[in-house]
Amino acid sequence: MEEVRTQVAIIGAGPAGMLLSHLLAADGVETVVVESRSEEYVAGRIRAGILEQSTVDLLRASGLGERLELEGDRHRGIYLQWPGQRHHLDFVDLTGRSVWVYGQTEVQKDLVAARTAAGQQVHYEIESTALHDLETDSPSVTFIDAAGAERRIVADAIAGCDGSFGPSRVAVPEDVRSTWEKVYPYSWLGVLADVAPSTDELIYAWHPDGFALHSMRSESVSRLYLQVPNDTPVSEWPDDRIWEALATRLGHGQDGWTMTPGPITEKSVLPMHSFVQSPMRHGRLFLAGDAAHIVPPTGAKGLNLAVADVGLLAPALAELLLKGDARLADAYSDTALRRVWRCTHFSWWMTTMLHQSGDPFERELQLSQLRWVTSSEAGATGLAENYAGLPIGF
Ligand code: FAD
Ligand code: DHB
């Protein structure tokens, strides 16, 4: 078996893994990244679209802000609506913070470009990833590389950035880890369409037929979501049915607003759940991003949480490995989980406020909550502060 030594072995080349590699390199810490998919597959996955203030601040500060500056679209806030009502929440007025429309695909491209330029070692298309000796100072990762060769990376620490299905979270012994999970009784049908957005900022719509969200990726590409029952086959939703449902739920014709349909280029159904695993560190294994927690997408926190974890983990590992100072590493799990639980609550709250559950009591509570959030400055500020994002060390 071919063996190499590095300071940090990073499992997963998604946004958490690649950003961690980038931040650690800036601190002078060497990493090797391993990834089970191909570079093209990881780059092409259509996922998150909204970056919060602290994500943008971190990307800019680490030299990744150039294309974001040119192509990202800064939004002051969002629209919240229900039949007959549309309200704008201005996050800048309420909190001084804003959000950016810049797709995960673009963040990933910027990260890959920066790491490639720096000569980063990334092993793509690997198999049989396994973690070893986590409770020692020389943990290792073994895998079979794309050419079929068995390899071992011996490191000072391992970063588990391998998403919700990777081996890292379950490498924490069962008697050490606690998990919390909630599965929601609905899913999202997400579509990407080659049509200019019908709105300047995102619209989150409560509707008796189910939630709808109008988002976007650029001046000519719209991203739209509809609440659908769990396990809905995409085949039940031909394009005409999608546009009809979006027009109804988003309020086509309401106060002169119109929704323009266009060619749909991607369609998929996303189940929704919340999941948290604690602690986010075991011995020399540190979990970050979806490997440690999942949120339902309402409120756009998934990618931002992954970035925030890594923003805490990079300095913690640098202090540990370069100076032998374990204070930040020892605090990492508690510090990260504090923010994780805040975002877990916010995502659950946005999700349950906006989706139809079929319960008439909940429906009245949702409408009451929506009226409060859109008419009281205190209510609006709470939503804005969470949506635009709390500082990374919150
Ligand atoms: P990931 O991006 O999942 O990266 C983990 C990487 O680890 C993957 O590339 C994976 O291939 C790799 N890996 C897995 N197993 C192994 C192994 N055994 N060995 C080596 N590598 C491995 N968030 C939002 O905010 N808004 C959205 O609209 C949104 N939509 C989403 C849609 C979908 C379908 C999904 C799945 C997620 C969505 N999210 C969304 C969440 C957001 O995309 C994630 O929170 C974000 O990608 C987390 O980044 P990560 O790097 O932690 O994990
Ligand atoms: C997007 C996804 C979200 O979950 C959200 O709350 C806002 C926007 C998006 O994909 O654009």
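Two aromatic rings, taken from Phe, Tyr or Trp, count as a pair if their centres lie within 6.5 Å. In this predicted model, a search of the whole structure finds 10 such pairs. One aromatic cluster is formed by Phe 91, Trp 188, Tyr 204, Phe 211, Tyr 225, Phe 346, Trp 349 and Tyr 387.

**Aromatic pairs**

- A pair of aromatic rings is described by the distance of the centres and the angle of the planes.
- Tyr 204 and Phe 211 form a tilted pair, with 6.1 Å from centre to centre and 35° between the planes. Both of these residues, Tyr 204 and Phe 211, are buried.
- The ring centres of Phe 346 and Tyr 387 are 6.4 Å apart and the planes stand at 90°. The pair is therefore edge-to-face, because an angle over 60 degrees places a pair in that class.
- Phe 346 belongs to helix α10 and Tyr 387 to helix α12 (residues 377-388), so that this pair links distant parts of the chain, 41 residues apart.
- Phe 346 has a relative accessible area of 1% and is buried. Tyr 387 also counts as buried, at 1% relative accessibility.

**Charges over rings**

- The charged end of Lys 301 sits over the ring of Tyr 387, at 5.8 Å from the ring centre.
- The ring of Tyr 184 has the charged end of Lys 182 over it, 5.4 Å from its centre.

**The second largest pocket**

- The second largest pocket holds about 270 Å³ of space.
- Its lining consists of 14 residues, and those nearest the centre of the pocket are Trp 349, Thr 352, Met 353, Glu 362 and Gln 366.
- Three elements, β14 (178-193), α10 (327-354) and α11 (360-375), each give two or more residues to this lining. Helix α11 gives the most, with 5 residues.
- By residue type, the lining comprises 7 nonpolar, 5 polar and 2 charged residues.
- Trp 349 is named both among the residues nearest the centre of this pocket and in the aromatic cluster.

**Cysteines**

- The structure holds 0 disulfides.
- Cys 161 is in no disulfide, and the nearest cysteine sulfur, that of Cys 343, is 17 Å away. A disulfide requires two cysteine sulfur atoms within 2.5 Å.
- Cys 343 is likewise in no disulfide, its nearest cysteine sulfur being that of Cys 161.
- Cys 161 counts as buried because its relative accessibility is 7%, which lies under the 20% limit. Cys 343 is buried as well, with a relative accessible area of 7%.

Definitions and conventions
Residues are numbered from 1 along each chain as its sequence is written. Chains are lettered from A and ligands numbered from 1 in the order in which they are written. This is a predicted model: local features need pLDDT of at least 70, side-chain atom pairs count only at pLDDT 80 or more; totals for chains, interfaces and linings use all residues. Side-chain values use heavy atoms; hydrogens and water are left out. On a 1 Å grid over the protein atoms alone, a cavity is a set of points where a 1.4 Å probe fits but cannot get out, and a pocket is an open set with protein on both sides within 12 Å along at least five of seven lines; lining residues have an atom within 4 Å of a point. Grid points are joined across faces, edges and corners, and a volume is the space filled by probe spheres set on the points. Helices (H or I, at least four residues) and strands (E, at least two) are DSSP runs, numbered from the N terminus. Ala, Val, Leu, Ile, Met, Phe, Trp, Tyr, Cys and Pro count as nonpolar, Asp, Glu, Lys and Arg as charged, and the others, Gly among them, as polar. Buried means under 20% relative accessible area, exposed over 50%, partly exposed in between (1.4 Å probe, protein chains only). Rings of Phe, Tyr and Trp (its six-membered ring) pair if their centres lie within 6.5 Å; planes under 30 degrees apart count as stacked, over 60 as edge-to-face and the rest as tilted. A charge sits over a ring if NZ of Lys or CZ of Arg is within 6 Å of the ring centre and within 35 degrees of the ring normal.
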